[in-house]
Amino acid sequence: MRFKSLCIAAAGAALLTTAATVPAPAEAQEQYIPLLVYKSGPYAPNGIPIAQGWEDYLTLINERDGGVGGVKLVWEECDTGYNNDRGVECYERLKRDTAAGIQPLSTGITYALIDRATQDKIPLFTSGYGRTSAAYGPVFPYVFSAPLTYWSGADVITQYIADQEGGSLEGKKIALVYHDSAYGKEPIATLERLAEEEGFELFLFPVAHPGLEQKATWLQIGRQIRPDWVAMWGWGVMNSTAVKEAAAVGYPMDRFIGIWWSGSEPDVIPAGADASGYKALSFHAPGEDYEVLQDVVEYVYGGDAEAAREAAWGQVLYNRGIFLMAMQVEAIRAAQAIHGEGETLTGEQIRDGWEALTLTEETLASLGMDGFTKPVAITCEDHEGGGQAFVQQWDGESWNIISDWYMPRRGPLKEAYKADALAYAAEKGITPRTCE
């Protein structure tokens, strides 16, 4: 009996030894990315192509590269309908410790999530939207607005208009038609400051959600005020309605310029030929002629370009989805360089990657984005990252780049970011971080 027990013990020891000397199969590492989309509601025509760009880029990274550092990307989506309450519900349902970050795709939802995401240590990536002063990293450690903010967009628009007016805005009239929401109101303070500094007169025209009622606004603009230029902070059906109403009162399209959320195919195609000449800012190129987009056709659509086009491939908002997800993926890569290649990371660790994210011309070329956008370098203090924008124009069939790249005048802008952020910190009892 004792012999048998010893044999069992010896066999057990042998098994333990065997188990200890044969490496266990490595567990497949995955990095989770929650997606807040809106494929329903009045803003769905704009939300769908961005979400498609996100998903296609994630698929590309998995299929072409095998993930990031060998870590496969996995994702789950929740439809917010561009509604703030539903956005918060989606965030609570999708959040996890290993969430790589969330793109709220809505300024209103961003405002609702800043405190929650900071508490949960999950990065919020609010590229070109959201709370502008969140670009000041010492107060907002988990919010990233690269490559541009609404305030820098307002600065670029006035720079462009000044160039068209021979270098001065003195005595000019500029009207702002804006979505009457947190989003639409963001550029007002910057435009008021610039109006005082540069001597132009600013007229404000709020438009109620969703933006279908603008006839009285455009009658006043076109027949009473007759501004030299009109700028627009619109979204969804508000944009195409504005273009139609501007044409109806004979306002010249080449003096009508939208922010980057007012310059895509759904904004102009419904207006037909009347939209020709309309302008808008952008921070990435339109069109199909970029290596990253060709890779999407090859690895995601099996070489079928027509199938890709049916998914809005090459359109402005689809390309934006590609670019925004590329930045998020590169933040993961930067975080792996800090915390361990091939590892599943937490949101807090990926935040470190965001603050180390540097996209040079060489990096962009390696991503297949040569000429597609401009470099970005994010730091602890600067979560905007130094991006640039250009003006594009609709010719009736496609968007075309018609200006050089503009660098926002960030000296006064950063002072304004910091002042607003510190006021927020005082209100919330936040002690700003020290960035060294």
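Predicted model: local features only at pLDDT ≥ 70, side-chain atom pairs only at ≥ 80, totals over all residues.
Where does Pro147 sit? I looked this up before anything else. Pro147 is in the loop that runs between strand S4 (143-144) and helix H5 (150-164).

**Cis bonds**

I checked omega at Pro147. The peptide bond joining Ala146 and Pro147 is cis, with omega about 10°. I then turned to Pro210. His209 and Pro210 are also linked by a cis peptide bond, and omega there is near -5°. Pro210 belongs to the loop between S6 and helix H8 (215-225). I flag such bonds because most peptide bonds are trans.

**Positive phi**

Next I went through the backbone angles. Lys121 is not a glycine, yet its phi is positive, about 60°. I found Lys121 in the loop between helix H4 (107-120) and strand S3 (124-125). Ala312 has a positive phi too, near 80°. Its place is the loop between helix H12 (305-310) and helix H13 (316-339).

Is Ala312 buried or exposed? Its relative accessible area is 11%, so I put it down as buried, the cut-off being under 20%. Lys121 comes out at 38% and is therefore partly exposed.

**The sheet**

Then I traced the sheet. I get seven strands in an open sheet, with the order S6-S5-S7-S8-S9-S12-S13 and mixed pairing. Which strands are at the edges? They are strand S6 (201-207) and strand S13 (399-401), and each of them pairs on one side only. Direction ignored, neighbouring strands in this sheet are turned against each other by 25° on average.

I picked out one pair to follow by residue. Strand S8 (residues 256-258) and strand S9 (residues 279-282) run in the parallel sense and pair over two bridges. I followed Ile257 across, and its bridge partner in S9 is Lys279.

**Helices on the sheet**

What does helix H7 touch? Helix H7 (residues 188-198) packs on the sheet with contacts to strand S5 (173-179) and S6. I noted about 165° between the direction of H7 and that of S6. Helix H9 (residues 237-248) packs on the sheet as well, and I list S5, S6, strand S7 (229-233) and S8 as the strands it touches. The direction of H9 makes about 160° with that of S7.

Key: Residues numbered from 1 in each chain as written. Heavy atoms only, no water. Pairing = 2+ DSSP bridges. Helix = DSSP H or I, 4+ residues; strand = E, 2+ residues; numbered from the N terminus. Axes fitted to C-alpha atoms, helices over the stretch in contact; angles between N-to-C directions. Contact = heavy atoms within 4.5 Å. Buried < 20%, exposed > 50% of the residue type's maximum accessible area, 1.4 Å probe, protein only.
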